[in-house]
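Dear colleague,

I am passing on the structure below, together with some notes on what I found in it. Please have it open while you read.

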Amino acid sequence: MKVELYCDGACLGNPGPGGWGYLLRVRLAAGVQEREDSGPEGGTTNNRMELMAAIRGLEALTRPCQVVLHSDSQYVVKGITSWLKDWKRRDWKKADGKPVINADLWQALDAQLARHHVEAKWVRGHAGHAENERVDRLANDAAHRA
């Protein structure tokens, strides 16, 4: 099954109260099915919330899927497509030997990526992309609840 995952994180201050949001969409013969969710977190950063949105969206899938993950976060997209492999090879250290920031969440995301076949795509944020605007609202609403 092919699933579209749109995800976004938000933070009121950086660090500060944050929120994450995602939208899952699958097209079936019977029509389109969607599921969205969001959650707040206190004392966090925008990058952590971007990662949490991707993690929570992938966790919501009950079986392995082909997933196209859409994010306006270069941090998430480049992490998935470029950096993750090398971080794992270097025991969660960057090229300069320093620990990977947010390694706990990158490891959680890596576990979810192992369950699915994920293609990560960057979308320009705040540019009128309907699904990105939708998950941005979910994440910001959650941040205000934090």
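The protein is made up of four helices and five strands, and, read from the N terminus, these elements follow one another in the order β-β-β-α-β-α-α-β-α. Please keep in mind that this is a predicted model.

As for overall form, the C-alpha atoms fill a box of roughly 50 × 35 × 25 Å along the principal axes. A compact globule of 146 residues would have a radius of gyration near 15 Å, and the protein, with 15 Å, therefore agrees with that expectation. Buried residues account for 49% of the 146 residues, and among the contacts with a separation of 6 or more, 69% are between residues 24 or more positions apart.

The largest nonpolar core holds 33 residues, of which Leu58, Val67, Leu69, Trp106 and Leu109 touch the most other members. Two or more residues each come from strand 1, strand 2, helix 1, strand 4, helix 2, helix 3 and strand 5, with helix 1 giving the most, at seven residues. Leu109, setting aside its neighbours within four places in sequence, is in contact with Leu51, Ala54, Ile55, Leu58 and Ile80.

The packing of two helices also deserves a look. The axes of helix 2 (residues 74-89) and helix 3 (residues 103-115) come within 11 Å and cross at roughly 90°, which means that helix 2 is roughly perpendicular to helix 3. Helix 2 contributes Tyr75, Val76, Gly79, Ile80, Leu84, Trp87 and Lys88 to this contact, while helix 3 contributes Trp106, Leu109, Asp110 and Leu113; by class, these are eight nonpolar, one polar and two charged residues.

With best wishes

Conventions
Residues are numbered from 1 along each chain as its sequence is written. This is a predicted model: local features need pLDDT of at least 70, side-chain atom pairs count only at pLDDT 80 or more; totals for chains, interfaces and linings use all residues. Side-chain values use heavy atoms; hydrogens and water are left out. Axes are lines fitted to C-alpha atoms, for helices over the stretch in contact, and angles run from 0 to 180 degrees between N-to-C directions. Angles under 35 degrees count as roughly parallel, over 145 as roughly antiparallel, 65 to 115 as roughly perpendicular and the rest as oblique. Contact means heavy atoms within 4.5 Å. Ala, Val, Leu, Ile, Met, Phe, Trp, Tyr, Cys and Pro count as nonpolar, Asp, Glu, Lys and Arg as charged, and the others, Gly among them, as polar. A nonpolar core is a set of buried Ala, Val, Leu, Ile, Met, Phe, Trp, Tyr and Cys residues joined through side-chain atoms within 4.5 Å. Buried means under 20% relative accessible area, exposed over 50%, partly exposed in between (1.4 Å probe, protein chains only). The radius of gyration is taken over C-alpha atoms; the globule rule is 2.2 Å times the number of residues to the power 0.38.
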